[in-house]
Amino acid sequence: MGNLVALLTDVQSEAATDRPFVWPTTGTRTTVRAAIGPLSSSGLITTTDRGTGARLTTEAAWFLRDGDVGFLIALFHAHSRFIGEILGLLGSTKMTHRSLNDTAESQFGLRWTTLDQIRRRTTWLRATGMVEVWKGSTALRITPSGTALLEKLSLADPQVTPASTALSSDTAVLDPPGPALAEELRLLDQQRLARRNPRIGYLAGGTRAESVRRLLDAVGLGTNRSGFFAFCQDTFGVEKTSAVQTLQTLLALGMIEQVGNDLFAPTAVALDWMSSDRAVDLIRILHCRVSPMGEIIVPLTEPMTNSEIHEYVRTFLPGVPLRGPGLAQRLKLLREAELVEQIGYLRYRATPLGKKFAESVTTLEPAGTDPGPTADAAGSENMTARAEELRYCAAELVGAGTDSSHPERLENSVERALNLLGATSTRIGGPSATDVLTEFWLSPTETSKVSFEAKTSSAGVVPKKDVDFDGMEQHRQDHGADRIAIVGPGFGGPIPKLARSKQIPLITTALLASWLTRSIRTVLLPSELHRLIFDVDLTDQVSVENHWAAVERRSEAIRLVSQALWESGNDTTDIDFNEGALSVRDLWRALKTNSPVPIDLVGIQQAIDLLSAPAVGGAARVKHEDYAATARPAIIAARLRGLADALESVPLERFRVSDALTPATPAGPAPTRRPGRPVGPGRGRRV
C-alpha cells in the first residue's frame, strides 16, 4: 500500500511520465510511465499527450486524502472484472486460488491459463485487509471488513459474459483502445497492412496474453538485458537462446523499445494494453504488426473449419503466408480475447464482440485472385474451380434472399445450390407450381422428392402473408413430392411454430450458403444431406454441427493417421523399436491429444482400412496388427486425386509403347453421353 501512495503522490506533484521513479519498499528503479501502466484501468490515473503525461482522477485524490481502503477496492471493482465477485464467493465458503480461477472460467467466462490474474486481485484484497489466508492452509477467507464492503457492492451476473453467443452485436461492448494504440490503429492503411510481419515469433511461456504480460511486467520493472534473460529462464524454464529470441520478438512486435545502453521499456501501445488489462488490446497491437490477424475474424460471421479458414486466406489474401501452427496460434489468442469461439470439432465463429472488433479496425482488402498452381496442378485447378463456384453460389444465394424485386433470382440460386450439394434439382416456378423440385437418391431402392419453396424479403424476414402452407401442400401433391422445405433470408412471427407443426424445415439463405462453403472441404452424400434437412433441428446449432462433424472427423482421421505413420516411419527410435510400424491402439494413444475431439479406435481402424486398400496403398500391414507408411502424405493425396479423376473420366486405356512412337491419328467422333434422367416419379421407392 505504501508503494501505491508514493506513486500517486509523485504523479500528483508532476505530470510528466518519462522520468525516473524508485519504489520505496524495494528501492527498485523504473520510470513513472512503466509504474503507472498497471493502474490506468483502475480508475486512479488517466494519461495525457499519448502517454507522456498523467494526472490523478478525482477518486484518486479522495483516496490520498482519506486513505479509505474500502473505497479503493470498490473503485477497482468498478473498473476491473472479478474483484468484488471474489469477495462474494468467499462470503459463502473458503476457497483456494485454484478454485477461484476455475470458478472464474466456468461461471464468468474468464479464460485465465495461470493463477497470476487471481493472485493480483487477492494481493490487493489481502493488502487492504478484505481477505486473509486461513491458518494452516492455502485457502482464503473473507474478513469482517470485506463482509462490510461486500454488502455495498453490486456483483456481475455469472450467466452473462462478453463472449456469450446469447448477446447480440448491439449488446456486446467493445472498450476503446488507449490513446497511443488508437493513434496507431488510425494510421493503418493498405500499404502498412501489406508490410506486416507474417510471423508472430517465439515467446517464452507461449503465445498467451498472460505470458506476454508477465514478460512486459519484467521489462517495466527496469530489468536490464541479463536480468530479463534470467527472468525468462527462472520463470519459464527456457534456455538463454530462447530468452534472446523472446527479447527479439518483443522488439519486432513493437511492444518494447531500447531506452538505454542495456535497458528496455514497454512502448506506449504496450502500456496502453498493460493499463487496460484487456486481451483485446493485445490483439489490436498484433493486428498492427502481424498478418493476418483481424482478417481471420472477417469470414467467421459464419462458422468455418481450420481448413476453410486456410482456404479463405490462400484464395483472398494470396500474398499472406499462413501455415497450420500459425493459424492455431492466432485462433488461440483470438479465443482468449473472446473475439472467436470454438463451436465444434476444429470449427470456429466470431463472437458478437469479435464482429464489433472486425468492424472497428482496418483490415487487408481481399484480393480474390487465383491462388496459383500447386504440385498437383490438374487436381488443384479442379478443386479451385469447384471452390470458386461454391463460393459464388453462396454469395449469390444470400444476396438473392433480400432481392424481392426478382424472386426468380432466389429460385435459380436454390436450384444451383442443391445441385452443387449433390441432389438433382429443377427450377419450375410460376404461381401454381413449386419453385424448385428436388430428388435425393438415397439407395438403389429409395429416393425422396422434395418441393422447395423460395421466399424473398427485402427486410430480411419473410412475413406470414407470403407463406401459404395450404398452397405449398397443393404444390407437393401436384408434383408427387414427399416433403416440403422452405428457403428464405429469415423467418419470424408465427411461421416457425406453424412450420414445426407441419414438419416443414425452414432453411435460411445464410445457413444454406454456409453448407456450400463447408462443402469445399467436406462433402455430404445425398442421404446425409437429406437427413440434415429433415432429421436435424436446423435451429439447434449444436445438432447441425454434430451432423457435419461426424463426416469431418472421418476425413481428419485419415489425415492424422497418414501423418502419424509417416512420422513413425522416419523416426529412428521408432524404427529401432518396431521398424517404424504402429498398431491401431498405438495410433490412438499418439493422436488422442491432437484434437479437441479425439479420434476413437473405430475411426482410426476405418482410416487404416482405407489407406491400406490396394487402390490407395498409403499404408501396408507389416505384422499381424501393425501398419507402416508407404509414402509421404502428399503422395497419397495425389494418388487419391487420381482416383477421383478416374471416377469422373472415361475408362483408362492400356498404354502401349507404340503409341509413343507413332504419330497420333485423328480420332473418330466422340461417343455421345446418355442424358441424365429428368426429375420425375417412377424410380425406386420414395421415402
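Modeller: Helices here are DSSP runs of H or I with at least four residues, strands are E runs of at least two, and both are numbered from the N terminus. Before going on: this is a predicted model, where local features need pLDDT of at least 70 and side-chain atom pairs count only at pLDDT 80 or more, while totals for chains, interfaces and linings use all residues. Residues are numbered from 1 along each chain as its sequence is written, and side-chain values use heavy atoms, with hydrogens and water left out.

Biologist: How many helices and strands does the protein have?

Modeller: There are 31 helices and 20 strands. Of the 687 residues, 45% count as buried (buried is under 20% relative accessible area, exposed is over 50%, and partly exposed lies in between, with a 1.4 Å probe and protein chains only). Contact means heavy atoms within 4.5 Å. Among the contacts between residues at least 6 apart in sequence, 62% join residues at least 24 apart.

Biologist: Back to α11, then. How many of its residues are buried?

Modeller: Ten of the twelve, so α11 is largely enclosed by the rest of the structure. Among the buried ones are Val212, Leu215, Leu216 and Val219, but also Glu210 and Arg213.

Biologist: At what angle do α11 and α12 cross?

Modeller: For angles, axes are lines fitted to C-alpha atoms, for helices over the stretch in contact, and the angle runs from 0 to 180 degrees between N-to-C directions. The axes of α11 (residues 209–220) and α12 (residues 225–236) come within 10 Å and cross at roughly 145°. The crossing is right-handed (left-handed means the near helix is turned anticlockwise from the far one by less than a right angle, right-handed means clockwise). On the α11 side you'll find Ser211, Arg214, Leu215, Ala218 and Val219, and they meet Phe228, Phe231, Cys232, Thr235 and Phe236 of α12. By class, that contact has seven nonpolar, two polar and one charged residues (Ala, Val, Leu, Ile, Met, Phe, Trp, Tyr, Cys and Pro are nonpolar, Asp, Glu, Lys and Arg charged, and the others, Gly among them, polar).

Biologist: And how far apart are the axes of α11 and α14?

Modeller: Those axes are 11 Å apart, and the two helices pack at an angle of about 115°. Here α11 passes α14 in a left-handed crossing. Ala209, Val212, Arg213, Leu216 and Asp217 of α11 make the contact with Ala270, Trp273 and Met274 of α14. This one has six nonpolar, no polar and two charged residues.

Biologist: What else covers the buried residues of α14?

Modeller: Besides α11, the cover includes α2 (32–36), α9 (179–186), β8 (263–266) and α15 (279–289). Eight of the nine residues of α14 (residues 268–276) are buried, so this helix is largely enclosed too.

Biologist: Why would I stop at a positive phi?

Modeller: Because most residues other than glycine have a negative phi, and most peptide bonds are trans. Glu338 is another case, with phi near 65°, in the loop between α18 (324–336) and β10 (340–344). Glu579 has phi near 60° and lies in the loop between α27 (572–578) and β17 (582–583).

Biologist: Is Glu338 buried or exposed? And Glu579, buried or exposed?

Modeller: Glu338 counts as buried, at 8% relative accessibility. Glu579 is exposed, with a relative accessible area of 61%.

Biologist: Which peptide bond is cis?

Modeller: Look at the one from Ser291 to Pro292, where omega is near -10°. Pro292 sits in the loop between α15 and α16 (294–297).

Biologist: Can we finish with two side chains?

Modeller: Take Arg121 in helix α7 (residues 116–127). Arg121 counts as buried at 10% relative accessibility, and a polar atom of its side chain lies 3.3 Å from the backbone oxygen of Phe82. Then there's Trp588 in helix α28 (residues 584–591), partly exposed at 28% relative accessible area. Leaving aside neighbours within four places in sequence, Trp588 is in contact with Ile599, Asp600, Leu601 and Ile604.

How values were computed. A polar contact is a pair of N or O atoms within 3.5 Å; within protein, one must be able to donate a hydrogen and the other to accept it, and residues adjacent in sequence count only if both atoms are side-chain atoms.
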